[in-house]
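User: I am new to this structure and would like to know the grounds for the terms used to describe it. Please go through them with me.

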Amino acid sequence: MARAGGITNAVNVGIAVQADWENREFISHISLNVRRLFDFLVQFEATTKSKLASLNEKLDTLERRLELLEVQVGTATANPSLFAT
Amino acid sequence: MAVPVEEAIAALSTFSLEDEQQEVQGPGLWVSSERGSTESPIEYSDVSAYRLSLSEDTKALNQLNVLIQEGKEMASVLYTYRSCVKALPQLPDSMKQSQADLYLETYQVLDLEMSRLREIQRWQASAASKLAADMQRFSRPERRINGPTITHLWSMLKLLDVLVQLDHLKNAKASIPNDFSWYKRTFTQVSIQWQDTDSMREELDDLQIFLSTRWAILLNLHVEMFRVNNVEDILQVLIVFAVESLELDFALLFPERHILLRVLPVLVVLATSSEKDSESLYKRVKINRLINIFKNEPVIPAFPDLHLSPAAILKELSIYFQKFSSQTRLLTLPAPHELPPREAQDYQRHYLIINHIGAIRAEHDDFTIRFASSMNQLLLLKSIDNADIEWSKEVKGSIYDVIVEGFQLLSRWTARIWEQCAWKFSRPCKDPVLLESHETSASFSDYEKVVRYNYSAEERKALVELVSYIKNIGSMMQRCDTLVADALWETIHAEVQDFVQNTLATMLRTTFRKKKDLSRILSDMRTLSADWMANTSKSESELHSIQHGGEESKGNFFYPRPVAPTAAQVHCLQFLIYEVVSGGNLRKPGGLFGNSGSDIPVNDLKQLETFFYKLSFFLQILDCTATVATLTDLGFLWFREFYLESSRVIQFPIECSLPWMLVEYVLESQNAGLLESVLMPFDIYNDSAQQALVALKQRFLYDEIEAEVDYCFDIFVTKLSETIFTYYKSWAASELLDPSFLFALDNGEKYSVQPMRFTALLKMTRVKLLGRSVDLRSLIVERMNKIFRDNLEFLFDRFESQDLCAIVELEKLLDILKHTHELLSKDLSIDSFSLMLNEMQENISLVSFSSRLASQIWSEMQSDFLPNFILSNTTQRFIRSSKVPLVPVQKPSVPHAKPNFYCGTQDLNYAHQSFARLHSGFFGIPHMFSIARLLGSRSLPWLIRALLDHISNKIATLEPMITGLQEALPKSIGLLPFDGGVTGCMRLVKEQLNWGTKSELKAEVLRGIKEIGSILYWMGLLDIVLREVDAMHFMQIAPWLGLLPGADGQILHSQDSSDSPVVNLFKAATTAVVSNPRCPNPSSFHTISKQAEAADLLYKANMNTGSVLEYALAFTSAALDKYCSKWSTAPKTGFIDITTSKDFYRIYSGLQIGYLEETVQVPSNNQEVLGDSVAWGGCTLIYLLGQQLHFELFDFSYQVLNVAEVEAASITQTHKIPHYVQGWDGVLEAMKKARRLNNHVFSMLKARCPLEDKTACAIKQSGAPLHRIKFDNTVSAFETLPQKGA
């Protein structure tokens, strides 16, 4: 009964595995930090969006107020005689 | 110089990225750097580097994986297949000649679809033969190649699953054979002109057989497998593997679990297709274990809207696999619809989430707390330099544990939803008529029966809750993904190293010392995964000291290294462990880790087993984002392709859509706890859209989802705004209810409002919806602005459809609305209330003073109030005359509105209405207060002006009528003689007032006088109200303006020379602030102090306001001046002319006695038509014309009363029995009343509009009185009033 054939050149493989661990440490480090960078960007976008939304809200309110004031001024200027003293 | 990556990233965290929005949605964005480590990103090409002679196995494995991928695509084609035939046009009779063209076109369209089916047919054939060949190669008893590995076994199972799924789809989709037969028909039509169609025809027949044979794929696979009769071994291994994994249920996420459950019945059928095989199978796996598994899971989710049942599969397959039909024990299992009721109840208890939600809630709460605390620990750890190694290991280990637990929870919960769905699909609701009796059951589609009416309210609630738990935990785990990644790697690395460096070393020293071949495998495991030099980066001395201490106790010590093993390493380790355990023999009896016949001690076996299963879970953890995405994917709740096909409709209405049902439930339940989960069901849409695009790759499905989401979200926002508005309205209304009233009430709590929290939803500025981000907050603001305006509009409409008395109700409702606005403004920035009110009142213009409300009040007074209301002097109220209205009034009907346009809820509406009803029957002081408050100083003068103009108009219209009456009077009227007694007097009066023909005119004049009186009395009421308001105002401003009460009631100014307190205060504050050199902006403080001065001036000027009533009287007097000459003739003699008949008082006198008489004759007639305001009008005119004394002397009724007194005195003297009771007593009583009233009016007039001093000095030098002096009316003052209609 044949068993799983063992590793043929165990020492070499061991050395390679060791090197592999070290290389992958570097790779994981870089890739994790790239992901963190992405995360930051995503969060940054979210924050910016909500800040823009609140700005937009304020502008909306101002715009409506301005519109009202314009109408009021319009009614006043349409009847200049009323203000002539 | 390059910046170190770590420092640069750490620097990013110094940015403040705070966000107001709370997490009330599921995870939305996936950032993943790897293709997913659960499958090797490089297709296991690195396996060969480990020199395990696995190249054959790897090749086969990759081949299977490719097939699985292809198969999944095929399955999605079949699942989303929709019948083309239904869409094919029919030719009208007129175009029959182009039938051939139509056939050709149809053929071309169908050919495209059919080519896909043909491709599926070809693919399944090749896949089956490849799978069979693979199985045969790896299951020879005499082994030539290494394998199959565990990963390989999984791939076989998965491919088998895909094939079985395809078979199910092919069987279930009726539209495919349908389309095919149409295709064949067109083909025969089209191919007439073609040559050499034999091969095509043959191919077509093949396809037809494939499509119309049930289980064609499985049968084909069976044939392929048993072509060379030796796959039983591997089938048995697969069954053993599946059964053991299912029984252990460890490290198995729900997608894999469902695969095993789906494949197992098929595997059993394939493996027992011969007598001998079944015996050998049952030797390895007892049949009871199989039956147990099948019984525990009577329904297995397979497709979003199609479930499988092992019992049904076994039964159906037994027809096709003759040898299997002898397996009676397996065949007697009941299918889900055949379950006896008792058992069905048990299953129901198991499947329905509602029975587990309590436990789930507890798990969720517990888990979130522990998760958060581990995260805090980790953050703490990261912030400390040189943390203790043991502690850091512990913290990271707990992170690992908590993540594993999170996965298990998510997997369990999502599986619950899948399984509940499958259960619900298997048991459609029996009689939906019971639920909603108003609809007929005939109209229910199957889909409605299994979804819409199949979830009770409680079940929907549980489902919403569970969905939000899943999404919540999902987003929690996803958010901290990059934070925990290195901790996880480190822990996994440590686990692996601990196993290979320590556990294996111990095993090698003890148990396996004598077994050469086994120990070789173990040392191979060490070779391919040990990280001996993980400690090299640390300093030598540190390393030394630690090694020194730890040597004896813990074996090899190694530094943690944040690197995880690769998929290939895990793959090889699993393979080797399996090799050790099974000895490389597929025929080895017993299970995987069953120790029968094995010579490995139990203890070691246990360790190997644990590590073996841990290994498979490592990959899931490494692939954190992808795993979370799979586990939280609830998109299947939307898909319904099978039901669409069987119902023969294009799409179901959204009421049948489960996600929308959940949203709707949350909105309608008014459950404060669920409210923040209302956006969670939209994540289901996000998931299903993602699935439609990425997994199913069908644009049309995405379009359908998008259309539904757009529509749903619109409705959602509308409904949500309604709910928010209603809630805040009820809250405001209940706050404005009188507390003492509530206290006195037994059921007062029904007027209190259950608190609800909308704050989280109101802060949502970016809702993730199909990749878009929607500003929910601004949408709600938009809608709120509109609702408030609509509500105002409605209130005014409502007021316009009612009479003037409704003004109190209007004010109340406006107050509630205003309070609502105030409450809502704390959370939402909506337009200011006064702005909206002005806008809806059409009161924005700077130069117009009439508002919608003021003009409504004015027109209401003109058309309804003045003609139809009568005054009651004693109660100070106007009431509507009970007689038929003299002037019929046209009014719009009361507009209808939802309860939230009144006070919110129905109960509060009743409560407030009962208050409003108190004021709805009359017009008095409270109404006047409302008018004064609602119109304010802006529109009130306009209304006063309009009313005064009305008085002068009335006088002008009365003038010719009075002239008419004057003409009918005799030239002179003397005093009534006493001789005739009352009777004689009355007769004489009648003779003199010969207005017989002019009764119309009389009535008209009386009505005119009454209206004038009403207006004047109304002004009197307004005066009272304004006085009160002014007094209040004065009390408030007096201390600020430095006003003090003097000894004699005069107002004193506290500091005569200097400024008032308010100015002083602000001046002092300003100097103090400005003197500080660090004051940033001194000019603004100067502005404030200037504004204080301006306020001081304004308020001082407004302090002494005049009286509206006096003003109105002065105005009336001025208006009367024109008619003075006509209505009061100055006597030529200079002395009082007793007999003159042309003066106004004569007319009024005549009218008065006339109507008094009528009052008595026809009881309660004139009194109710005219009321007391006639006296007010008449007397005021008389008074202002300076004829009061004349009237009091010469009025007919007064004279009659005098005569009656004398008569009465004489009669009592003589007879003692008063006998003048001859019908005159009624009239006399009325006259007395009238005299009292007139006296009251005159005294009031004397007080408010004194004429005496002017009359007194109006005596000529000669001593003759000068009648009717014209006194200053300051007419210029009237001109400054706003013009009516301006």
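Predicted model: local features only at pLDDT ≥ 70, side-chain atom pairs only at ≥ 80, totals over all residues.

User: Which residues make the contact of α43(B) with α48(B)?

Analyst: On α43(B) they are B:Gln1152, B:Leu1156, B:Glu1157, B:Thr1159 and B:Val1160, and these meet B:Gly1226, B:Val1227, B:Ala1230, B:Met1231 and B:Ala1234 of α48(B). By class, the contact has six nonpolar, three polar and one charged.

User: Why is α15(B) called roughly parallel to α18(B)?

Analyst: Helix α15 (residues 357-383) and helix α18 (residues 457-479) of chain B pack at an angle of about 20°, and their axes are 11 Å apart. Angles under 35 degrees count as roughly parallel, so α15(B) is roughly parallel to α18(B). The contact joins B:Ile357, B:Ile360, B:His364, B:Phe367 and B:Phe371 of α15(B) to B:Ala462, B:Glu465, B:Leu466, B:Tyr469, B:Ile473 and B:Met476 of α18(B). These residues divide into nine nonpolar, one polar and one charged. In handedness, the crossing of α15(B) and α18(B) is left-handed.

User: How do you know that α1(A) and α1(B) are roughly parallel to each other?

Analyst: Helix α1 of chain A (residues 10-78) packs against helix α1 of chain B (residues 5-12) at about 20°, and 10 Å separate the axes. The cut-off for roughly parallel is an angle under 35 degrees, so the two helices are roughly parallel. α1(A) passes α1(B) in a left-handed crossing. A:Ile30, A:Asn33, A:Arg36, A:Leu37 and A:Phe40 of α1(A) meet B:Val5, B:Glu6, B:Ile9 and B:Leu12 of α1(B). Six nonpolar, one polar and two charged residues take part in this contact.

User: How many residues of chain A and chain B are in contact?

Analyst: There are 49 residues of chain A in contact with 52 residues of chain B. The chain A side has 23 nonpolar, 17 polar and nine charged residues.

User: What does UniProt place at residues 45-79 of chain A, and how much of that stretch is helix?

Analyst: An unreviewed UniProt entry gives a "coiled-coil region" there. In the model, residues 45-79 of chain A are 97% helix and 0% strand, with end C-alpha atoms 51 Å apart.

User: Where does the domain assignment put domain 3 and domain 5 of chain B?

Analyst: The assignment gives domain 3 as 698-849 + 863-923 and domain 5 as 1033-1101. Taken over C-alpha atoms, the centres of domain 3 and domain 5 of chain B are separated by 40 Å.

Conventions:
Residues numbered from 1 in each chain as written. Chains lettered and ligands numbered in written order. UniProt positions renumbered as here; feature names shortened; annotations may be inferred. Helix = DSSP H or I, 4+ residues; strand = E, 2+ residues; numbered from the N terminus. Domains from an automatic or database assignment. Contact = placed C-beta atoms within 7 Å. Nonpolar A, V, L, I, M, F, W, Y, C, P; charged D, E, K, R; others polar. Axes fitted to C-alpha atoms, helices over the stretch in contact; angles between N-to-C directions. Parallel < 35°, antiparallel > 145°, perpendicular 65-115°, else oblique. Left-handed = near helix turned anticlockwise from the far one by under 90°.
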